[in-house]
Amino acid sequence: KGKSRQSNKAVVSTQSGHYGRGTHISEQPQQFLTMKYFVVIAVILGFAAAFELETREVDDVALKGYFDTLIAIYKKLKELGKETVCGSTLSELIELLGLPDVLDGMIATARGWICN
């Protein structure tokens with residue numbers, strides 16, 4: 001009969017400033033703030049990871065396209081023959097291949113493969 005039952009309700013102790021379950025009153029807003037920041041950071045990291053994967057896929061496709069073009073130019077130069085390719089200027093090769101001037105770097109690279 002003399003035993004008291006402890007309820008599950010949060011009771012504030014006037015002496016220690018704690019809830020009955022052992023969590024300090026001033027810790028609750030701090031814990032909420034910490035959890036809020038954690039969620040925001042997790043969302044940001046999720047978006048960053050997704051963006052990075054998408055960027056890598058785009059880079060891989062662009063790189064594959066670059067090498068496909070470079071190989072095609074190399075094959076065309078190979079058909080022209082080493083003597084023609086190595087004896088011509090870059091401008092002459094661009095004209096022979098009928099390609100835009102923008103591809104001069106690729107043509108120079110493919111030419112280097114053949115002539116060196």
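This is a predicted model: local features need pLDDT of at least 70, side-chain atom pairs count only at pLDDT 80 or more; totals for chains, interfaces and linings use all residues.
Okay, the disulfide: the torsion about the S-S bond of Cys 86 and Cys 115 is about -115°, so this disulfide is left-handed. The pair ties together parts that are 29 residues apart in sequence, because Cys 86 lies in helix H2 (residues 82–87) and Cys 115 in helix H4 (residues 104–115). If you're new to this, a disulfide is a covalent bond between the sulfur atoms of two cysteines. Here, a pair counts when the cysteine sulfur atoms are within 2.5 Å, and those of Cys 86 and Cys 115 are 2.0 Å apart.

Residues are numbered from 1 along each chain as its sequence is written, and side-chain values use heavy atoms, with hydrogens and water left out.

Cys 86 is partly exposed at 28%, and Cys 115 is partly exposed at 25%.

Now, helices. They're DSSP runs of H or I with at least four residues, numbered from the N terminus. H4 has twelve residues and reaches 16 Å from its first C-alpha to its last, close to the 16 Å expected; that expected span is 1.5 Å times one less than the number of residues. Which residues of H4 are buried? Met 106, Ile 107, Ala 110 and Ile 114. They cover an arc of only 100° around the axis, so they sit on the same side of H4. The arc is taken from the directions from the helix axis to the C-beta atoms. Remember, an α-helix has 3.6 residues a turn, so residues three or four places apart point the same way.

Over in H3 (residues 90–97), the buried ones are Leu 93, Ile 94 and Leu 97. Their arc is only 100° too, which puts them on the same side of H3. Ser 91 and Glu 95 are exposed on the other side.

Last stop, helix H1 (residues 27–80), where you'll find Val 43. Val 43 is partly exposed, at 43% relative accessibility.

Methods: Helices (H or I, at least four residues) and strands (E, at least two) are DSSP runs, numbered from the N terminus. Buried means under 20% relative accessible area, exposed over 50%, partly exposed in between (1.4 Å probe, protein chains only).
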